Amino acid sequence: MPQPAPASGPDLSRYPGGEALYRMRHSAAHILATAVTELFPEVKVAGGPPVDGGFYYDFAKPTPFTPEDLETIEARMREVVRAGQTFEFAETTRDEAAKVWANEKYKLHFLSQIPEGAKVTTYRNGEFLDLCRGPHVVSTANVTAFKLTHVAGAYWLGSEKNEMLQRIYGTAFESQAELDEHLKRIEESLKRDHRKLGRELDLFSIHEEVGPGLVHWHPRLGMVRHMLETFWKEEHLKAGYQLVYTPHIASEKLYEISGHLQNYADIMYAPMQVDEQAYRVKPMNCPNHIMIYNSRKHSYRELPLRYAELGTVYRYERSGVLHGMERVRGFTQDDSHIFCTPDQLQSEIEGVLALMDLLLKTCGYEYSCYLATRPLDKYLGSDAEWEFATNALKQALEHRGLPYEIDEGGGAFYAPKIDVKLRDAIGREWQCPTIQVDLNLPKRFGVYFTGSDGQDHEVIMLHRALYGSLERFVGIFIEHTGGEFPVWAAPLQAMIVPVHARAFEYAQQTAEMLRAAGVRVEVDTRDEKMGAKIRDAELQKVPYMVVVGPRDAEAGTCAPRRKGQGDLGTMPREQLVVRLREEIRTRAR
RNA sequence: GCUGGUGUAGCUCAGCUGGUAGAGCACGUCACUCGUAAUGACGGGGUCAUCGGUUCGAUUCCGAUCACCAGCUCCA
């Protein structure tokens, strides 16, 4: 019988794939450690849990594992599986366990975390004994389909202050077919990588001559961004926001007041000297928005005030973290700061959540929210303030019926926040929308409103971004759509394909008709066969291809083709205009 | 930033053990005038990431730097 899952441990029912898969991957990790300790007796073992999509095990080894080592290890693992070793559960004491792992400093650390007198549980398969809560499958033979995928460094205990261990990743499934399908899915998703599509569809580029992490938007992606920005502005104006514009550099004095210089010096670019005064490129928009607010007194009657800006900021991101458009050094936040009274806070948050929902749903995203609470140490503000702000966020989420998870201690040092993460092509999560209740800047800048009592009261400042940054959002948008943007956002919405040169004139006429209806359209007048034109338009992921020939010229018709659907049949041109106009107007997906 | 890997034409990639490079697509020219995913012929294009070393000789071996990829850490 397999051991039951421990009472205190990860919640296995929530593991993607369920408890059975958890057991198998956990056991696969032990088999990996079994093989490694046999083949490389000099390694020290750390630990290895199942993770989303697979498992890993960390080792300390003086020389790195090579790709060939992985093959050797995997081969040895298969022998262990064939041997059908039983996973034997045992309990012991901390002192006994400390003797067993006397030479394993990482295991000793884990032991030290177990309370004195508590039971220590172990699992043995063959010669390999591991300190482990379980649960496992019955026998190594139950690990049916697995594969080692890659090696990478990982800090001991997840802290960059510690030494780096070598982490071997693998994945396991209940059948070879499922494993094959998983690997195939990863391979397929790589085709949607925004960096690959960025090249293929001529969307953006990054240049060594300019610098890493600095994105150049090509005309096509420029149009996608323009459409997203237009949509954003329309909806923000409707929701009572006011557009502001602020400078890209500021005197260091500003960042001394804001505290950025003290707290974010490592992400800010070096100062430049202007007339005896040091200036900095802006890393955030908040101080500038406060300047606008503070340029005069405000009555409680004016609040809430909602300043919105597509604000471009520059941050020094460490070289290893840059990632296409999704993690860059210069980016535009769809930033807004809402100045309100404590009474208004919750309804303002709800308004932000409603707007966020509209933007994300229109772009086709499902999303999940995290409520990030006060950090354990290093935070500003009183407990009462944190409680008030956190509660407002929580109430707003619940009032809007949004499910959320608590990210305990995940807040910024100056603010509790709601974070929303979107997934890229291969399932990596990226933080995009964020809503933060700032407990710091109103104090530092002295941001007040005059109450009905004629006295100054500190404003509540809500900081929020809904796309997050245009760069990251669009990067993920490319991956979600696979470059097939919805018609309203597509750079080119329709390509007219004349069957031959004699139909050019009618093609131009048709293009004009669509253009007059607000459709982005081009005519493919290249000296090519129409098959080639169709093929090229398909590859460029143009949503509509409109074939026209002499027959259409006589009848006033066209023969549109929808990408992914094929020929829609011959129809009057007016009918196509109506169809396109409606699809664009409703921002249909 | 850290650990490991990669760097050959605009793109995708060949190039065995050192003797200065090739394909397909793309691009240009010409011919073909075509009804729903590739018409044909010819042509131009590379200081083999950069710098240094070993060697009679380096795209190939060694080192450094830069960029990129995966992961860790950090973040919009």
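Reader: In this predicted model, which residue of β20 does D419 stand opposite?

Author: The model is a predicted one. Strand β19 (residues 417-423) and strand β20 (residues 429-438) pair in the antiparallel sense over 6 bridges. Within β20, the residue that stands opposite D419 is T434.

Reader: What is the strand order of the open sheet of 8 strands, and which strands stand at its edges?

Author: The sheet has mixed pairing and the order β11-β15-β16-β23-β20-β19-β17-β18. Each edge strand has a single partner, so one side of each is left without a neighbour in the sheet. The strands at the edges are β11 (242-243) and β18 (404-407).

Reader: Which strands does helix α12 touch, and what angle does its direction make with that of β17?

Author: Helix α12 (residues 383-399) packs on the sheet. The strands touched by α12 are β17 (368-372), β18, β19, β20 and β23 (460-469). The direction of α12 makes an angle with that of β17 of about 160°.

Reader: What is the order of the open sheet formed by 3 strands, and what is its average twist from one strand to the next?

Author: The order is β4-β5-β6, and the pairing is antiparallel. The edge strands β4 (88-92) and β6 (128-131) each pair on one side only. From one strand to the next, the twist averages 30°.

Reader: Across which strands does helix α1 lie, and at what angle does it run to β6?

Author: Helix α1 comprises residues 19-39 and lies across β5 and β6. Relative to β6, α1 runs at about 125°.

Reader: What is the relative orientation of α7 and α11, parallel or antiparallel?

Author: The axes of helix α7 (residues 219-238) and helix α11 (residues 345-362) come within 11 Å and cross at roughly 155°. An angle over 145 degrees counts as roughly antiparallel. The two helices, α7 and α11, are therefore roughly antiparallel.

Reader: Which residues make the contact of α7 with α11, and how do they divide into nonpolar, polar and charged?

Author: Helix α7 passes α11 in a right-handed crossing. The contact is made by F231, W232, E235 and H236 of α7, and by L355, L358, L359 and T362 of α11. By class, the residues of this contact of α7 with α11 are 5 nonpolar, 2 polar and 1 charged.

Reader: How are α7 and α14 oriented, parallel or perpendicular to each other?

Author: Helix α7 and helix α14 (residues 470-481) pack with their axes 11 Å apart, at an angle of about 110°. Angles of 65 to 115 degrees count as roughly perpendicular. The orientation of α7 and α14 is therefore roughly perpendicular.

Reader: What is the class make-up of the contact of α7 with α14?

Author: From α7, the contact takes L221, V224, R225, L228 and E229; from α14 it takes L470, E471, F473, V474, F477 and I478. The contact of α7 with α14 has 8 nonpolar, no polar and 3 charged residues.

Reader: At what angle do α15 and α18 pack, and what is the handedness of their crossing, left-handed or right-handed?

Author: Helix α15 (residues 504-516) and helix α18 (residues 573-585) have axes 10 Å apart and pack at an angle of about 35°. Residues Y506, Q509, T510, M513 and L514 in α15 meet R573, E574, L576, V577 and L580 in α18. The residues of the contact of α15 with α18 divide into 6 nonpolar, 2 polar and 2 charged. The crossing of α15 and α18 is right-handed.

Reader: What geometry does the aromatic pair of Y106 and W156 have, stacked or edge-to-face, and how many residues apart in sequence are the parts that the pair ties together?

Author: A search of the whole structure finds 19 aromatic pairs. The pair of Y106 and W156 is edge-to-face, at 4.6 Å centre to centre with 70° between the planes. Y106 lies in helix α4 (residues 105-112) and W156 in the loop between β7 (145-155) and β8 (164-173), so the parts tied together are 50 residues apart in sequence.

Reader: Where does L157 lie, and what is its phi?

Author: L157 is found in the loop between β7 and β8. Although L157 is not a glycine, its phi is positive, at about 60°.

Reader: What is the omega of the cis peptide bond that joins G134 and P135?

Author: P135 is found in the loop between β6 and β7. For the cis bond joining G134 and P135, omega is about -5°.

How values were computed: Residues numbered from 1 in each chain as written. Chains lettered and ligands numbered in written order. Predicted model: local features only at pLDDT ≥ 70, side-chain atom pairs only at ≥ 80, totals over all residues. Heavy atoms only, no water. Axes fitted to C-alpha atoms, helices over the stretch in contact; angles between N-to-C directions. Helix = DSSP H or I, 4+ residues; strand = E, 2+ residues; numbered from the N terminus. Parallel < 35°, antiparallel > 145°, perpendicular 65-115°, else oblique. Left-handed = near helix turned anticlockwise from the far one by under 90°. Contact = heavy atoms within 4.5 Å. Nonpolar A, V, L, I, M, F, W, Y, C, P; charged D, E, K, R; others polar. Pairing = 2+ DSSP bridges. Phe/Tyr/Trp six-rings, centres within 6.5 Å; stacked < 30°, edge-to-face > 60°.
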